[in-house]
Amino acid sequence: MFDIRRLVVLAEVAARGSLSAAAGHLNYTTSGVSQQISALERDVGAVLLDRGPNGARLTAAGRRLLDHSEVILSAVAHAERDLEILTAGDEQRLRIASFTSAAATILPPALAHLRSQRPGVEIELLSADPQDAVGLLDTERVDAAVITSVPGERPDLPGLHIVPVYDDEFFVVLPARHRLAGLAELPFSALAADQWVISTATGDCPDVRVFQKACREAGFVPDVAFRADDYTTVQGMVAANMGISLVPSLAVGSARADVLVRRVAGHRPARRISLATSRIPEDGTALATLLSLTRSVGARLSADGVYSDSARPLTVA
């Protein structure tokens, strides 16, 4: 059996392309890195690196071992985290990854109530979009991740425990002088001739898939004029009369004064916001409490039912 700590050294060499670069990152000497790799090669009985004047490259055996090392090191981190939770009691740390609008509206009342119930728990909130949040969850860097999906679609996240929290309705955002400004609710088909501003360049994002589905159901292909990185920028583009947009309620709770927010008539598009964990948390743990409290906040938001309330301070009963 080989020393799994040497897999960390191999992964660093593969990532950085040379023994010296890996040594600098690991705070080793280059000779020390070379010795670790040589020992690992003896243990597994195969040459793992092609060393040359321009750096080091993995051999076929090295690539195969690196594939296994990701699983091995993740399992070790998982075991360490489990033991940390078991032995730390109430003095544990709870780490949550969330995108901005959910972190500003859904999580604060849940976290405040959690802190009052479990004052010994250290809470850490990391900013991450849903895809990156899942990556943090996979690598055990966070305990829970706020994710989004399209209602009716099965999230492609095998092995994760997913708790639905809130179906976040989308609203149409219009320039102040739009021709349909006088309507309180807009038939989506009436927007077929408009140009659109959307929040991402990829159709893999659930928000974009919600938008595309709404367009298909209304019978038109959207004319996408601009793409932006976030909904704040989207609202700015709409205010400048560069197009219209479809924006979730959590992102329009603080809508600009120079745009109009209108509900979609008939079937209302929505994205599903959920909390994902790497496993089902044990009853009574801080993580299980967080899931329950967050669902309570989502239920309150659903009961309110209008975008203007989604920025209002919430209390958890």
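Are Phe188 and Trp196 buried or exposed? Both residues are buried in this predicted model. Phe188 and Trp196 also belong to the residues with the most contacts inside the largest nonpolar core, and the two take part in an aromatic cluster.

**Nonpolar cores**

- In soluble globular proteins, nonpolar side chains tend to be buried together.
- The largest nonpolar core here contains 32 residues, and Val172, Phe188, Leu191, Trp196 and Leu246 have the most contacts inside it.
- At least two residues of this core come from each of strand S6 (161–175), strand S8 (195–198), H8, H9, strand S10 (245–248), H10 and strand S11 (259–264).
- S6 supplies the largest share of this core, five residues.
- Leu246 is in contact with Phe170, Phe171, Val172, Phe188, Trp196, Phe211, Tyr231, Val264 and Pro269, leaving aside its neighbours within four places in sequence.
- Another core, of 26 residues, lies apart from the largest one and includes Ile96, Phe99, Leu114 and Ile123.

**Aromatic rings**

- A pair of aromatic rings is described by the distance of the centres and the angle of the planes.
- There are three aromatic pairs in the structure.
- Phe188 and Trp196 make a tilted pair, because their ring centres are 5.5 Å apart and their planes stand at 35°.
- Trp196 also pairs with Phe211, with 5.0 Å centre to centre and 55° between the planes, and this pair is tilted as well.
- Trp196 and Phe211 are both buried.
- One aromatic cluster is formed by Phe188, Trp196, Phe211 and Phe220.

**Largest pocket**

- Rolling a probe the size of a water molecule over the atoms shows where empty space is left.
- The volume of the largest pocket is about 1,200 Å³.
- The lining of this pocket has 43 residues, of which Phe99, Asp129, Pro130, Cys205 and Asp207 are the closest to its centre.
- Two or more lining residues come from each of helix H5 (100–105), helix H7 (130–138), strand S5 (144–149), helix H8 (206–218), helix H9 (231–239) and helix H10 (249–252).
- Sorted by class, the lining has 16 nonpolar, 15 polar and 12 charged residues.

Notes: Residues are numbered from 1 along each chain as its sequence is written. This is a predicted model: local features need pLDDT of at least 70, side-chain atom pairs count only at pLDDT 80 or more; totals for chains, interfaces and linings use all residues. Side-chain values use heavy atoms; hydrogens and water are left out. On a 1 Å grid over the protein atoms alone, a cavity is a set of points where a 1.4 Å probe fits but cannot get out, and a pocket is an open set with protein on both sides within 12 Å along at least five of seven lines; lining residues have an atom within 4 Å of a point. Grid points are joined across faces, edges and corners, and a volume is the space filled by probe spheres set on the points. Helices (H or I, at least four residues) and strands (E, at least two) are DSSP runs, numbered from the N terminus. Ala, Val, Leu, Ile, Met, Phe, Trp, Tyr, Cys and Pro count as nonpolar, Asp, Glu, Lys and Arg as charged, and the others, Gly among them, as polar. A nonpolar core is a set of buried Ala, Val, Leu, Ile, Met, Phe, Trp, Tyr and Cys residues joined through side-chain atoms within 4.5 Å. Buried means under 20% relative accessible area, exposed over 50%, partly exposed in between (1.4 Å probe, protein chains only). Contact means heavy atoms within 4.5 Å. Rings of Phe, Tyr and Trp (its six-membered ring) pair if their centres lie within 6.5 Å; planes under 30 degrees apart count as stacked, over 60 as edge-to-face and the rest as tilted.
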